[in-house]
Amino acid sequence: KIHQKSILGQSSYNLQQRAIDLKSKREMLVNATHLWQQITEGYARVDSQGQEIMRMKHHSEAVKNQISQLEIEVEGLDKQVEELKYAYTLSKSQDVMYLRQDLQEGASCSVCGATHHPFHSDTLLEQSKLIGEMKQEYEQTETELRHKKATLLELLQEYANESGKIESAFESLEVYKKTLQDNIAHWENFVSLDLSFKDCSSSSNFEARRIMLQQLMEKTTLDAEQAKEELDLYSFHQNNINNI
């Protein structure tokens, strides 16, 4: 009678079902917590990757602009070097040096017909000095051209590397998005845990939901332990009744 009184009104089936349901719910909450962590990290990864791609694109665009500007400068210097080289080579010719002696500013040149003679000088010493200056200008311009060509080559290589990184980053982003979408679709299995769980967009309060899942799991764990104790106690009394 003592044992019967202790389990009065209780049902073995109901107690077992409650214990099974709570255990199942706890496992579901564990999986939901793990999945929510993946979704949270997925959104953060997609956002971070998107920002990184934008940063690389801005850098790549800046490098591209530098290349365009440098190409113009190199083209201009290239022409200038050729002109200086031609003028310097021509200036060293004895015939030109001889003809230059007769040039007068304003009078037409017998070779080219020009009336302005920037390289004209009256003495051989002055001509030698002038040729030396032309050589120096030619060599300085040629050196500047070499440096700019080297810089241009470096920028072209940097642009190519950056373009490759951007392409690779886009591929990674697509993988991240696909994984995130799969996780979001899987989250539908846990919406029944709470009405607020239906929203799974980037505007969700990720930390608040994580805390809520943790609280639900703690409460469900306590309820499951209590249900197991009640079932064990029922089984204890029922076994004693059967033995008696």
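Start by selecting E71, E75, D78, E82 and E83, which together form a negative surface patch. Members of such a patch have over 30% relative accessible area and no salt bridge, and like charges are joined within 9 Å. Asp and Glu count as negative, Lys and Arg as positive, and each charge is placed at CD of Glu, CG of Asp, NZ of Lys or CZ of Arg. Areas come from the Shrake-Rupley method with a 1.4 Å probe.

Before moving on, note that this is a predicted model, where local features need pLDDT of at least 70 and side-chain atom pairs count only at pLDDT 80 or more. Residues are numbered from 1 along each chain, and side-chain values use heavy atoms.

Now click on E83, found in helix α2 (residues 12-91); a helix here is a DSSP run of H or I, at least four residues. E83 counts as exposed because its relative accessibility is 56%; exposed means over 50%, buried under 20%, and partly exposed in between.

Next, jump to Y159 in helix α4 (residues 124-187). With a relative accessible area of 27%, Y159 is partly exposed. Show its contacts (heavy atoms within 4.5 Å): setting aside residues up to four places away in sequence, Y159 touches S60, V63, K64 and I67. Then try a distance: Y159 and A62 are 97 residues apart in sequence, but 9.4 Å apart in space, C-alpha to C-alpha.

Your last stop is E162, also in helix α4. Which residues beyond four places in sequence is E162 in contact with? They are R55, M56, H59 and S60. E162 is buried yet has no salt bridge, meaning a side-chain nitrogen of Lys or Arg within 4 Å of a carboxyl oxygen of Asp or Glu.

Terms used:
Patches are made of residues with over 30% relative accessible area and no salt bridge: like charges are joined within 9 Å, nonpolar side chains (Val, Leu, Ile, Met, Phe, Trp, Tyr) within 5 Å. Helices (H or I, at least four residues) and strands (E, at least two) are DSSP runs, numbered from the N terminus. Buried means under 20% relative accessible area, exposed over 50%, partly exposed in between (1.4 Å probe, protein chains only).
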